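User: I would like to go through the aromatic contacts of this model and hear the reasoning behind each label.

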Amino acid sequence: MAKRTSGCFLLCLLFSGQVIQILSITIGINYGQIANNLPSPNRVASLLRSLNISRVKLYDADQNVLSAFINTDIEFVIGIGNENVSTMTDPAKALGWLQQHVLPHLPFTKITCITVGNEIFKGNDTVLMANLLPAMQSVYRGLVSLGLDKKVNVTSAHSLDMLGNSYPPSAGSFKQDLAVYIQPILSFHSMTKSPFLINAYPYFAYKENAGTVSLDYVLFEPNAGVTDALTNLNYDNMLYAQIDAVYAAVRAWGYPDIEVRISETGWPSRGDSEEIGATPENAAKYNGNLLQRIAMKQGTPMNPYVPVDVYVFALFNEDLKPGPTSERNYGLFYPDGTPVYNIGLHGYLPPMLSSSFKMVPALSTLGIAIVILLLA
């Protein structure tokens, strides 16, 4: 595959013997697997390599996925689920988890970040909230003991529900009743130089306030924008306003050195009748316009020289996700590898392996690595 460079990536599609230039971008992608019809990790690895997507975020530490990406130069964020957060408060168990799920894959698969929990402050489980920081600390200490703390970050992904105020962006603030949990977590990020991750979806704000929120504003389409009266900064899209609101909240509690990154953002291509705006056209505009801005290395009005760092949600539509129809339709691709809508991303999903090859007995991680290297 093409090696990672300091510039953008050139996405190409090999079709009918011709190389077609599509788009130059750098993005991350969320690779969820709550489905029964997804291609194998080996085939997904080929698809992502053909797209030159260099960063992938998982919601677990799936051994089959990590083994399939040996020697691909793709960087992984792996996750520890909410159900395992309390277990990770035990330093010995955290170290054991690292020895089982991280060490076997290094350095051949690049793991650069571990998320402990997902959107914990969106719920009401105060025990889980209280366990989050000790779990993050145990995982971090385990990385230190293994000599990996300079290579692998420890963080958590948060919902914007943790904000008490988000408008104007410069007045962004966390909910005061969460201070006892969030302030020490911010101190941890400042000490470990790790990013603060947020899952930001302008779609939800539009769906709930379609009569007052401009569709062009949430889709990055041309519009007059909204001016922050306190800073006189103009925002022409909601995502950047949300990011700066989080920056303002973090800095208000005394942490100007923490970087805010987007661990999830996207737009559904289908929804139920009451899910206003969930259409292929709107999804194409949101993600297509976002990718163009990422390619420009654009920053937010509050941080114009810090390029926005984004993981798009999601790689595939996931047919087993619970909830409204939109939850199963955030994918950029159908499980067969065809784009859900056209934003210039066209890659190659290899055909399924023949049935005779499938009859080969299960291989060890090392065996899988050898097969992948032979097939590369």
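User: How many aromatic pairs does a search of the whole structure find?

Analyst: The search finds 16 aromatic pairs, and the model in which they occur is a predicted one.

User: Why is the pair of phenylalanine 121 and tyrosine 181 called tilted?

Analyst: The ring centres are 6.0 Å apart, which is within the 6.5 Å limit for a pair, and the planes meet at 40°; since stacked needs under 30 degrees and edge-to-face over 60, the pair is tilted. Phenylalanine 121 belongs to the loop between strand S6 (110-118) and helix H5 (126-145), whereas tyrosine 181 is in helix H6 (residues 179-192), so that distant parts of the chain, 60 residues apart, are linked.

User: What makes phenylalanine 121 and tyrosine 181 buried?

Analyst: Phenylalanine 121 has a relative accessible area of 6% and tyrosine 181 one of 19%; buried means under 20%, and therefore both residues qualify.

User: What makes arginine 55 count as lying over the face of tyrosine 311?

Analyst: Arginine 55 is 4.7 Å from the ring centre of tyrosine 311 and lies over its face, and the distance limit is 6 Å.

Key. Residues are numbered from 1 along each chain as its sequence is written. This is a predicted model: local features need pLDDT of at least 70, side-chain atom pairs count only at pLDDT 80 or more; totals for chains, interfaces and linings use all residues. Side-chain values use heavy atoms; hydrogens and water are left out. Helices (H or I, at least four residues) and strands (E, at least two) are DSSP runs, numbered from the N terminus. Buried means under 20% relative accessible area, exposed over 50%, partly exposed in between (1.4 Å probe, protein chains only). A charge sits over a ring if NZ of Lys or CZ of Arg is within 6 Å of the ring centre and within 35 degrees of the ring normal.
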